[in-house]
Amino acid sequence: MSENTIVPPLAVVILAAGQGTRMKSSLPKVLHRIGGQALVGHVLDTAYALSPERVLLVVRHERDLVAGAVLDVAPGVIVVDQDEIPGTGRAVEVALERLADFGGDVLVLSGDVPLLDGETLARLLQAHRESAAAVTLLSAVVDDATGYGRVIRDAAGDVQRIVEQKDATADEASVTEINAGVYVFQSAPLRTHLPMVGTANTQGEKYLTDVVALLRDSRLTVTASAAPDAGAALGVNDRVQLSDAARRLNARTVRRWQLEGASILDPATTWIDVTATLAPDVTVLPNTHILRTTSIAAGATVGPDTSLVDCEVGENATVTRTDATLAVIGAGATVGPFAYLRPGTYLGDRGKIGTFVETKNSTIGARSKVPHLSYIGDTTIGTGVNLGAGAITANYDDLTKHRTEIGDEVHTGSHNVFVAPVRIGAGAKTGAGAVIRKDVPPGALALSVAPQRNVEGWVETNRPGTGAAEVAAQARSAQKADDGAQEQDG
């Protein structure tokens, strides 16, 4: 097109009315997720990348569930209800009723084709407008066309019609060029010809594909543009295709971040949602999942064997063999191995959450350490704190959650239990094995050690006949004999 060409407005119609029976799922097919969002969410992203004037979503099966999920992320979408007449042709027909005042191009997308990118569709639009076609469809050449409509061309190579799999002859079924279910129509000829489509086919549906032959019979231009990546043009119809699409999308996402400067050592075992972000010089080790809106700052190392969901990881932090959700990890902090960060965890700069530590709804200040074997829940920890091994903040009294507050520069002994609500003043110390039930003043040493009491002969009396009783009796006899010998020597 020349620079002076007026570009017609664009409306996008997304078809999401089908039940998707081959998924064998109570969840509508278009709401199954890959790469961190629903299939239809990826289609919406691609649609909006084209700057359309309007976006319409046609729904029927589980109407409220599908419409609600879409409107949550794209409130400007126009939801259109398909009636009892089945088929993609009817779906577009009811959408056109909501576009009565629209005179531009209509791009039809399927809600179960998540991998098409904006660049491919932009080229499709350009080809459509340059050829002044009544319809331009996106096709793909595949090795196995089973289940897809075939693009039938004449001897000159022009598109004649599209034949659905169930209606195809043996010769037509051998064609490897398939219809990707993506079309650009001029709105005027579409309005004229779509009402002519009937339901005389094996499925009794009103096929949108039948419009192609009607437009050609009217001597209007019908063209097809082949997708550069055939795999990206394929729909998702079952769980196998869902996992295939997820792998393809993930490979694309991983490659993008590698080109942006992230070191991803094993792309095959690294999964990154499209909504996550990685800065340059991030290192991702094998078997790591970076999910939803997780962001990882420059210089951080994540993995191996780590899952981060909606987390923030600061610059130069290290997160090893960790499961974390809705957690913030400060710059230069270290987490893991074998740590479990639950929602509401905030770890300050250069802090540490160590081996076999679980945290929840807690703030751990800068340079503070919870090194190992601990549970920290509903707790605020100041700066420069070191908790001994086995620290537990007992936050639940069977009715209510209570908070523990630990001041700056507190150092605690091993195997401490802090029974909330309780406050430990700045600079305080606690002894090993202490159970802290009362507030500790700043700079104080808190102890809760009872005198040790030994009950002689308890095992033989209370556990007679056991192996412990037998060896204890033998040891006591040997001890008495040894004591007697020492008395004689004395």
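Which side chains meet in a salt bridge at 3.0 Å, N to O? The side chains of R321 and D305 do so, and point 5 returns to this pair.

1. Basis of the note. The model is a predicted one, in which local features need pLDDT of at least 70 and side-chain atom pairs count only at pLDDT 80 or more, whereas totals for chains, interfaces and linings use all residues. Residues are numbered from 1 along each chain as its sequence is written, and side-chain values use heavy atoms, with hydrogens and water left out.

2. The parallel sheet. An open sheet is built from nine strands in the order β14-β17-β20-β23-β26-β28-β30-β32-β34, with parallel pairing; its edges are β14 (277-278) and β34 (422-424), each of which pairs on one side only. Strands here are DSSP runs of E with at least two residues, helices are runs of H or I with at least four residues, and both are numbered from the N terminus; two strands pair if DSSP finds at least two bridges between them. Within this sheet, strand β30 (residues 379-381) runs parallel to strand β32 (residues 404-406) and is joined to it by three bridges, with T380 standing opposite E405.

3. Strand β10 and its antiparallel partners. Strand β10 (residues 177-186) is mostly covered, since nine of its 10 residues are buried, where buried means under 20% relative accessible area, exposed means over 50%, and partly exposed lies in between (1.4 Å probe, protein chains only). Seven bridges join β10 to strand β7 (residues 135-141) in antiparallel fashion, and in this pairing A140 stands opposite I178. Strand β6 (residues 105-110) also runs antiparallel to β10, through four bridges, and there V108 stands opposite Y183.

4. Two nonpolar cores. A nonpolar core is a set of buried Ala, Val, Leu, Ile, Met, Phe, Trp, Tyr and Cys residues joined through side-chain atoms within 4.5 Å. The largest has 45 residues, of which L278, I296, I329 and I424 touch the most other members; α8, β25, β27 (352-360), β29 (369-377) and β34 each supply at least two residues of this core. A second, separate core of 40 residues includes V55, V66, I178 and A230. A230, in the loop between β11 (222-226) and α8, counts as buried because its relative accessibility is 18%. Leaving out residues up to four places away in sequence, A230 touches A140, V141 and V142, contact meaning heavy atoms within 4.5 Å. With the same exclusion of neighbours within four places, I424 is in contact with E405, I406, G407, V410, F418, I436 and V440.

5. Salt bridges. The structure holds 24 salt bridges, each defined as a side-chain nitrogen of Lys or Arg within 4 Å of a carboxyl oxygen of Asp or Glu. The bridge between R321 and D305 links distant parts of the chain, 16 residues apart, with R321 in the loop between β21 (318-319) and β22 (322-325) and D305 in the loop between β18 (301-302) and β19 (306-309). R321 counts as partly exposed at 34% relative accessibility, and D305 is likewise partly exposed at 34%. R423 forms a salt bridge with E405, the closest N and O atoms being 3.6 Å apart; R423 lies in strand β34 and E405 in strand β32, so this pair ties together parts that are 18 residues apart in sequence. R423 is exposed, with a relative accessible area of 51%, while E405 is partly exposed at 35%. Salt bridges that share partners also join D83, R90, E93 and K206 into one network.

6. A neighbouring pair in sequence. The side chains of E53 and R54 meet in a salt bridge (3.5 Å, N to O). E53 counts as partly exposed at 48% relative accessibility, whereas R54 is buried, with a relative accessible area of 19%.

7. Helices. Helix α1 (residues 39-48) is mostly covered, with eight of its 10 residues buried, among them L39, V40 and H42. In helix α8 (residues 239-259) lies T253, which counts as buried because its relative accessibility is 3%; leaving aside neighbours within four places in sequence, T253 is in contact with I272, D273 and V274.
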